[in-house]
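Please keep the sequence and the structure at hand while reading.

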Amino acid sequence: MKIKRKIIKACMAILFLSIIDISAQEVEIMSEQVKKHLYTLASDTMEGRKVGTEGIEKAAQYIESEFKKLGLKPFQGAKDYRQTFSKGGMELSNIIGVLEGSSKKKEWVVVSAHYDHLGILKAVKGDSIANGADDDASGVTAVLTLAKYWKKRGGNKRSIVFIAFTGEEKGLWGSTYFGSQGNAENCIAGINIEMIGKDSKFGPKTAFLTGYERSDFGKIIQKNLKGTDYTLHPDPYKKFNLFYRSDNASLARLGVPAHTFSTCPIDKDRYYHTVDDEVETLEIKTITNTIKAIAIGTESIILGKDTPTRVTLESSTSAH
Ligand SMILES: [Zn+2]
């Protein structure tokens with residue numbers, strides 16, 4: 001009897017693991033996609049993706065074409081994937097594609113990264129293009145790869161709203177505009193991805209989450225990653241104020257549990273915001289492993305099983 005029970009238990013564990021884990025073959029496919037998206041978005045032809053340039057327009061069109069291939073729907077009945085607004089004398093667009101949920105369609109999980117960067121800077125050794133490979137072509141690569149993953153996997157009860165934000169480098173312009181459109185109530189969670197191309201200070205197969213203590217979002221991710229070889233840690237760079245420095249902040253200010261996943265060793269990263277942020281300085285493996293961990297880690301939220309608590313912000317009158 002006892003042995004039988006043990007065998008049944010073991011079988012169930014194997015079954016359970018095979019449901020939550022992503023197969024090796026799938027990871028192989030993922031890593032091919034990662035390479036393609038990353039090299040395209042960070043290529044010199046995109047000229048550093050500065051807002052208002054032809055280069056960023058090329059990036060926008062690439063993201064649109066990928067959304068179209070996957071059959072994602074435009075956001076809230078829009079005619080296409082662009083959410084366009086004017087700022088700083090320019091016309092700018094967030095690129096938004098939706099994979100509708102089955103039974104909880106009105107509950108959105110936002111998966112985002114910014115596709116703009118700094119453009120052309122002062123030349124260093126003849127190179128003047130700030131390609132922004134890590135910042136944040138790696139994040140947009142994750143958004144596109146996760147969109148493909150969920151399209152194929154299906155079963156999302158909640159709608160997944162995939163967004164490539166514009167104007168982040170200008171001061172979170174695109175995400176601020178998105179938040180201003182009265183969407184916060186629908187947003188169950190915000191999964192923002194910034195700079196995931198280098199191993200974090202915690203080692204390979206680790207990432208950190210900004211604003212970890214502000215909701216139980218991070219705890220849900222850690223629970224879902226239990227039993228895998230990937231771990232998520234609270235942001236170790238408190239001084240850098242990263243929680244407010246990326247697009248998650250625009251939704252978090254409205255109460256949405258919106259956090260940023262990153263692996264960037266920001267205190268040591270010499271290439272941050274320089275012309276040397278090139279694909280050659282990144283590890284495809286690190287990006288792929290992190291995307292896989294985000295897929296597994298956020299699954300229960302997308303499936304409608306877990307709902308993170310709303311974000312709490314310190315009051316503005318609190319002492320420093
Ligand atoms: Zn960035």
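Which residue follows α3, and is its phi positive or negative? Helix α3 is followed by G71, whose phi is positive, near 70 degrees. The model discussed here is a predicted one.

Helix α3, residues 54-69, has 16 residues and reaches 23 Å from its first C-alpha to its last, which is close to the 22 Å expected at 1.5 Å a residue. Its buried residues are G55, I56, A59, A60, Y62, I63, E66 and F67. Because these cover an arc of only 160 degrees around the axis, they sit on the same side of α3.

On the other side of α3, the residues E54, Q61, S65, K68 and K69 are exposed. The buried residues, by contrast, pack against α2 (24-41), β2 (90-99), β4 (119-124), α4 and β6 (158-165).

## The nonpolar core

The largest nonpolar core holds 80 residues, and V109, V110 and V143 touch the most other members of it. Helix α4, residues 133-153, gives this core its largest share, nine residues. In soluble globular proteins, nonpolar side chains tend to be buried together.

Leaving aside residues up to four places away in sequence, V143 touches V111, S112, A113, F162, A164 and I193.

Strand β10, residues 258-262, is largely enclosed by the rest of the structure, because five of its five residues are buried. Both of its faces are covered, with A258, T260 and S262 buried on one side and H259 and F261 buried on the other.

## The loop residue I196

Where is I196 found? It lies in the loop between β7 and β8, and I196 counts as buried because 30 other C-beta atoms lie within 10 Å, where 20 or more are required.

The C-alpha atoms of I196 and G139 are separated by 6.7 Å, although the two residues are 57 residues apart along the chain. When residues up to four places away in sequence are not counted, I196 touches S138, G139, A142, A207, F261, S262, T263, T286, I287 and T290.

## Helices α6 and α8

In helix α6, residues 217-225, the buried residues are F217, G218, I220, I221 and N224. Seen down the axis of α6, these buried residues fall within an arc of 160 degrees, and they therefore line one face of the helix. What covers them includes β7, β8, β9 (231-234), β10 and α8. Just after α6, G227 takes a positive phi of about 90 degrees.

Helix α8, residues 284-302, is mostly covered, with 15 of its 19 residues buried. At 1.5 Å a residue, α8 should span 27 Å, and its end C-alpha atoms are 25 Å apart, which agrees. The helix bends by about 30 degrees at I296, and α8 is followed by G304, whose phi is positive, near 85 degrees.

Conventions: Residues numbered from 1 in each chain as written. Core = buried A, V, L, I, M, F, W, Y, C linked by C-beta atoms within 7 Å. Buried ≥ 20, exposed ≤ 12 C-beta atoms within 10 Å, placed from the backbone. Helix = DSSP H or I, 4+ residues; strand = E, 2+ residues; numbered from the N terminus. Contact = placed C-beta atoms within 7 Å. Expected span 1.5 Å × (residues − 1). Bend = angle between axes of the 7 residues up to and from the residue. Arc of directions from axis to C-beta.
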